[in-house]
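Here's a quick tour for anyone meeting this structure for the first time. Have the sequence and the model open side by side as you read.

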Amino acid sequence: MTREPQHTKERHRKAPRLISCLFKAVCTIIILLSIAAYRTIAVKYTSNDIVYNGYFGHTVIGTTNKNPGQYIFEVLGPSIKKEPKHFKIRPGTTAINNDISIYNCGIFLAAYSIELPEGLATIGSAAFKNTEGLKSIVIPNSVTFIDSKAFQGCTELESITLSNSLTAIPDQCFTWCKSLESIAIPASVNKIGAGSFEKCHSLKSITIPNSVSYIAGNVFAECSNLSQVTLSNRVTTLRPLTFYKCVKLKNIVIPDSVTTICARAFEKCTSLKTASVPSTAKIEKDAFPPHTKIIRRPTANHK
């Protein structure tokens, strides 16, 4: 009986290991290709246009009056291998839909800048929520309506220019925009919704234009650096927790138009030394901290 050469035996012993290594290599290549394919599908560039096929399939993020049903934005900047940072909404777009930033496929989550076109009329609820890299944005004057939470959690947002066609700032619009240092409220606004500037920790001063007749509760709650406030002379009620925990606020002048200061309106305003209040205004129990000196002054009609 002929004996099998030693080198042949070694080849036979190595064969299963070689096959195993090849199998692992093929599996690795397939996985890498799958990942690359997913990224290509998730962020697909066609010229300057971007199409998202995220976890929820195609996401129609807005309405355009030029090409209905088509995607409405283009990307300015990085390659397909990186998350896009700079967006330009196409001219002709009239509305940006609800929840596109966070709840669908996170379209704008990595954005540093977003350019909005003139002609845009509506920004939906939570449209740019948690766009944490966004530094500044200009809302064109064509925008007449912004829904609740539109910019909530934009923690790096330092400045925003509002449309002079807005009639209201909605509930929780800028909640947790902790880098927002200042904002000019246009004279077109007549209502400021609940918690709209809550926890804007960098906000130092605010002027409420005389067009505003309604301020909801919690509007400036926990604005820990807010030290200067000018209120509208058309506001009639300061609601609970309006200035809750505004610890840098030292003085406040309540306009003659105010008839009621609700309980807890200035709760935990630990630095509030004086409050000038019209003699006709009703001050509910615990509206001000115990240490605050209330200076009653005659109103123009009650001297």
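## A buried serine in a loop

Ser196 sits in the loop between strand S15 (191-192) and strand S16 (205-207); strands here are DSSP runs of E with at least two residues, numbered from the N terminus. With a relative accessibility of 0%, Ser196 counts as buried, since buried means under 20% relative accessible area, exposed over 50% and partly exposed in between (1.4 Å probe, protein chains only).

What does Ser196 contact, leaving aside its neighbours within four places in sequence? The list is Ile169, Pro170, Gln172, Cys173, Phe174, Thr175 and Val219, where contact means heavy atoms within 4.5 Å. There's also the backbone oxygen of Gly193, 3.0 Å from a polar atom of the Ser196 side chain.

## About the model

This is a predicted model, so local features need pLDDT of at least 70 and side-chain atom pairs count only at pLDDT 80 or more, while totals for chains, interfaces and linings use all residues. Residues are numbered from 1 along each chain as its sequence is written, and side-chain values use heavy atoms, with hydrogens and water left out.

## Two positive phi angles

Ala126 isn't a glycine, yet its phi is positive, near 55°. You'll find Ala126 in the loop between strand S10 (122-123) and strand S11 (136-138), and at 2% relative accessibility it counts as buried.

Glu222 is also a non-glycine residue with a positive phi, about 60°. Its loop runs between strand S17 (214-215) and strand S18 (228-230), and Glu222 is partly exposed at 23% relative accessible area.

## Salt bridges

How many salt bridges are there? The count is three, taking a salt bridge as a side-chain nitrogen of Lys or Arg within 4 Å of a carboxyl oxygen of Asp or Glu. One of them joins Glu156 and Lys135, with the closest N and O atoms 3.4 Å apart. Glu156 is in the loop between strand S12 (145-146) and strand S13 (159-161) and Lys135 in the one between S10 and S11, so this pair ties together parts 21 residues apart in sequence.

Arg297 and Asp256 meet at 2.8 Å, N to O. Arg297 belongs to strand S24 (residues 293-297) and Asp256 to the loop between strand S20 (251-253) and S21, so parts 41 residues apart in sequence are tied together. Arg264 and Glu267 form a salt bridge too, at 2.6 Å.

How values were computed
Helix = DSSP H or I, 4+ residues; strand = E, 2+ residues; numbered from the N terminus. Polar contact = N/O pair within 3.5 Å; in protein donor to acceptor, adjacent residues only side chain to side chain.
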